[in-house]
Amino acid sequence: MKYKLTLAAALLSATFFAGAASAKTFVYCSEGSPEGFDPGLYTAGTTFDASAHPVYNRLLEFKPGTTQPEPGLAESWEISEDGTVYTFKLRDGVKFQTTDFFTPSRNLNADDVVFSIGRQIKTDDPWHTYVAGTSWEYAEGMGFPKLIKSVEKVDDLTVKFTLNRPEAPFLANLAMPFASILSKEYADSLDQQGKKEQLNQMPVGTGPFTFIGYQQDAVIRYKKNADFWGTAPKIDDLVFAITTDAAVRYQKLKAGECHLMPYPNAADVDSMKADPNLTVLEQEGLNVAYLAYNTTQAPFDKVEVRKALNKAINKQAIVDAVFQGMATPAVNPIPPTMWSYNKSTQDDTYDLEAAKKMLTDAGVKDLSMKVWAMPVSRPYMLNARRAAEIIQDDFAKIGVKVEIVSYEWAEYLDRSKAKDRDGAAIMGWTGDNGDPDNFLDTLLGCDAVGGNNRAQWCNKEFDDLVKKAKVTSDQAERTKLYEQAQTVFKAEAPWATLDHSLAVVPMRKGVTGFTQSPLGDFTFEAVDIAE
C-alpha cells in the first residue's frame, strides 16, 4: 500500500506544482485490478476500464453519456434488407500505437477486424485458446458463434459480417468492450516469438492512450497516444492507482493523490458534496444486483426453495445499510429506467413465516449453504460482505445456516461461473449497450450457462422469448416479449433480485471534461485538469 500511495502522490505532485509547461498527469483511483488486457476474454467493468477504453477502439462507439452507437473505427455501414449482412467501411489512416515492445508497420485494416472477432467465434482459430483457463465469455454468452456465419475481408478498408439470422441489437453489441479491435500484425509477431500470452499482458490498440506498464495490484500507467485518430487527449499521462478500499480511495481523493474515484461508500457522499474541493456527479444506474442460486444443485433446483429463500431476504434492510437510500429494492432483472421494464411484476413479499412453511412443504430442513460475497465495490453493490451478513441473518431466522465465502476478484469471477458451484453468489450487472437483451439473454439465456449465467438456469420458455426478441426489429413487439420473459423469470426465481443503485462519481474540483456514462464506464480521453 505504501508504494501505491507514494507513486500516486509523486505523480500528482509533478502535475500540481511543476508549472504550466509540465506534462499533465491524471490519476484515477481504480477500485480493483484488471483480469488481463484483452477485453474479449472478460466481462468485468474493472477490466474494461483498464483495457478496452484507454487502449482500444471498436467498429462503433457509444456517444459519450448515452447508449447511442456512433461511428468508431467504422466510418459507415450498410445493412441488407433481410438484416443478415452488415458491411462496414473502415476509416483510412488509423494507426496502431507504437510502444517500447512493438512498432507497427501498417495502419488498421480489415485483417485486424477479421482476426479480433474470428478468434472469439471459431474454435479452430489458433488464437481461440491462447490463454489457458479462459473463454470468450461475452461472445459465447451472447451467442455470437451461432449468430455469425462469417466475417470476411472485402478489401483493406471493407469488412462484411454475414449472420445466420437477423439480430436487432447487433450494432450496439459491436460497440461493446469485448468487440475491441486488436492488431493482427502484433499478434502474428508474438506468435513468431512464442509469446502469444503477451497479447493479454502488454496491449497494443488504436485508442487514446498507449499502455506503458502494470505493477500487479498496484499501478497501471499509460501515456497519450500521439497518433490517435480521434480528438487528442488533453492529458499527457494517465495513471490507475489501484485502491480496493473505498474509504482509502476517499482519503486519497481528499488529499489530492487522485483526481477521480469510483464507488464511494454511501456514508461518505454527503461529506463529499459538502467539500468545496470536490465535485460529485450522480445519475440513475443502469444496473442490478442479485443473488444467483445454482439452479442445477439440490435443493436450489426446486423453485419452491428459491422462492422461499427470496421471501426471507429483507431487501430494504440491504438498501438502507449498504446504500443509505442511494438505491431501490429490485423486482425485475432489468432496471426500471430501461425500456421494456415490466411494471406489473409483483415482487416476492418479505414474509419469514411463509418462507419457513414453503421450505417445510418442499421437504427441506437443516439447510446449510454458502453465500458468496464479492471482494470489491461495484456500482450495484457497494459492500457485498455487508449484504451477505444481512442475508445470513435473514436466513438464520428461517433455520438456514449460511457460510459467507469470498475470493480475490478475478478468482471470484472465475469460480462463480462453475456449473458445480455451491450455494448462491452475489453478483450484479451494469448494462453494456442499453438494450434489454444485454441483461436478459446475456445473464439468463441458455447460451450463457457456464459463463455470465451464474444461476446456470436454462429455461426453454424464457429462452425462446428472448431469442425471438433478438430477431424482431419492432421495438413495441420486442417490449411485449421482454415483458413476458420477466414474468417467467419472476415465477421461476433463479435469482433473488436485490437492488438498483444510484451511480455516484466524486472528483477533484479542477477536473473538467469527464462525462458520466449510463453504462458505468470510466473513460478519460476528454478529461482535463485546470491549471
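Analyst: Start with the charged pairs. Five salt bridges cross the interface of domain 1 and domain 2. The model is predicted, and the distances here are computed from it. R378 pairs with E31 in a salt bridge. Their closest N and O atoms lie 2.5 Å apart, inside the 4 Å cut-off for a salt bridge. Polar contacts were counted too. Between domain 1 and domain 2 there are 13 residue pairs in polar contact, with both residues at pLDDT 80 or more.

Next, the side of domain 1 that touches domain 2. Three helices each supply at least two of its residues: α2 (45–50), α5 (137–141) and α7 (170–174). The largest share comes from α5, with four residues. By class, this side of domain 1 holds 11 nonpolar, 12 polar and seven charged residues.

Now the interface as a whole. In contact are 30 residues of domain 1 and 30 residues of domain 2. The two domains bury about 2,200 Å² between them. Carbon and sulfur atoms account for 48% of that area.

Last, the layout behind this interface. Domain 1 is made of two segments of the protein chain, 25–242 and 510–529. Domain 2 covers 287–503. Taken over C-alpha atoms, the centres of domain 1 and domain 2 are 30 Å apart.

To recap: the contact between domain 1 and domain 2 includes five salt bridges and 13 residue pairs in polar contact, and α5 gives the largest share of the side of domain 1 that touches domain 2.

Note on methods
Residues are numbered from 1 along each chain as its sequence is written. This is a predicted model: local features need pLDDT of at least 70, side-chain atom pairs count only at pLDDT 80 or more; totals for chains, interfaces and linings use all residues. Side-chain values use heavy atoms; hydrogens and water are left out. Domain bounds come from an automatic or database domain assignment. Contact means heavy atoms within 4.5 Å. Buried area is the accessible area (1.4 Å probe) that two parts lose on being put together, summed over both. A salt bridge is a side-chain nitrogen of Lys or Arg within 4 Å of a carboxyl oxygen of Asp or Glu. A polar contact is a pair of N or O atoms within 3.5 Å; within protein, one must be able to donate a hydrogen and the other to accept it, and residues adjacent in sequence count only if both atoms are side-chain atoms. Ala, Val, Leu, Ile, Met, Phe, Trp, Tyr, Cys and Pro count as nonpolar, Asp, Glu, Lys and Arg as charged, and the others, Gly among them, as polar.
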